[in-house]
Amino acid sequence: MAELLFCEPTELYNILNQVSKLSRLAEPNYLCLLDVRSKRQYDESHVITARRVKKKDNQYLIPESVDLECVRYCIVYDSNTSSLELRIRQQYEEEEEEEEEKTEGNNNENTELLPGPAVEFGQILTLFTRQPVYVLRGGYECFSGLYHFFRTQKIIWMPQELDAFQPYPAEIIPGKIFLGKFSQACNAKIHKDLKIKAHVNVSMEATPYFVGDADKLLHIKIEDTSYSSLFSSFRHICHFMEVLGPREEMQKQHASESGLGGAAAGVGENYPWGIYDRYL
């Protein structure tokens, strides 16, 4: 039986943004993202590519369109689960209509110890998968608050739409440092969504942002080749980041011209890349 583990919001963000030649979301066995909230909540908005988990006779139905045994990442989320332990839950809270009709007078009635919906369904999924099943910490409320641009009402995704999905930069330190390509550093939507406030540009090209502002732009002009060395620039890069970080809690996007190699080296952080290292 597979393990049931927590998935941090930043981990799901990075999983959604993985690419090879195209977005990895287009790979059928890459990610299975499952939403166990009510139909009303799902229809209002959900995380991109998420499938709603249906129930019959108060039992969760395993999605038949997914080969769970072959899926690399199986992630489940509800509204706001923050613990894998048991919690007190209304017996009928899964029923949308009854939930809306509750009154203060019966809030303390008909309660029992149960796992949260995501944990409950995740425990079931561990019987069908080889890889660990992940429960999104904080659920949809936390993730959508941090990454509002990944909310959608779209239910059906065509393969060509997933192929054309434009990924965001990888998040190195949550809310502070992002690692991206030169094209991402020049993207106005990415700047707005991630609230980018400074650049460390590791390339020969100049971006249209922060031109002439030495406090928000560090441009390390170096060719993006296998024999280029950033060692001589490390001290300068670290000083630039150190000054920005404590002073204004600035967010920084490191950009290399064509790939992520030079920018990754420029970050200079001892960061546990884990599952993302092969895409740098």
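**Close-up 1. F210 sits in the loop between β14 (198-202) and β15 (217-220).** Helices here are DSSP runs of H or I with at least four residues, strands are runs of E with at least two, and both are numbered from the N terminus. The phi of F210 is near 60°, a positive value in a residue other than glycine. Is F210 buried or exposed? At 18% relative accessibility, F210 counts as buried; buried means under 20% relative accessible area, exposed means over 50%, and partly exposed lies in between, with a 1.4 Å probe and protein chains only. This is a predicted model, in which local features need pLDDT of at least 70 and side-chain atom pairs count only at pLDDT 80 or more, while totals for chains, interfaces and linings use all residues. Residues are numbered from 1 along each chain as its sequence is written, and side-chain values use heavy atoms, leaving out hydrogens and water.

**Close-up 2. D57 lies in the loop between β5 (55-56) and β6 (59-60).** D57 is not a glycine, yet its phi is positive, about 55°. D57 is exposed, with a relative accessible area of 69%.

**Close-up 3. Here is the largest nonpolar core, with 29 residues.** A nonpolar core is a set of buried Ala, Val, Leu, Ile, Met, Phe, Trp, Tyr and Cys residues joined through side-chain atoms within 4.5 Å. Among the residues with the most contacts inside this core are Y13, L31, I75 and F150. Two or more residues come from each of α1 (9-16), β2 (31-35), β7 (73-77), β10 (133-136), α5 (139-146) and α8 (188-194). Which element gives the largest share of this core? That is α1, with four residues. A second, separate core has 17 residues, including V36, V53, Y60 and L125.

Close-up 4. Helix α1 is largely enclosed by the rest of the structure, because seven of its eight residues are buried. The buried residues of α1 are P9, T10, L12, Y13, N14, I15 and L16. Helices α1 and α5 cross at roughly 65°, and their axes come within 10 Å. Axes are lines fitted to C-alpha atoms, for helices over the stretch in contact, and angles run from 0 to 180 degrees between N-to-C directions. The crossing of α1 and α5 is right-handed: a crossing is right-handed if the near helix is turned clockwise from the far one by less than a right angle, and left-handed if anticlockwise. The contact is made by P9, L12, Y13 and L16 of α1 and by C142, F143 and L146 of α5.

**Close-up 5. The buried residues of α5 are G139, Y140, F143 and S144.** They lie on the same side of α5, because they cover an arc of only 115° around the axis; the arc is that of the directions from the helix axis to the C-beta atoms. Their cover includes α1, β3 (46-47), β7, β10 and β11 (151-152). S144 is buried, with a relative accessible area of 11%. S144 and S45 are 99 residues apart along the chain, and their C-alpha atoms are separated by 9.3 Å.

Conventions:
Contact = heavy atoms within 4.5 Å.
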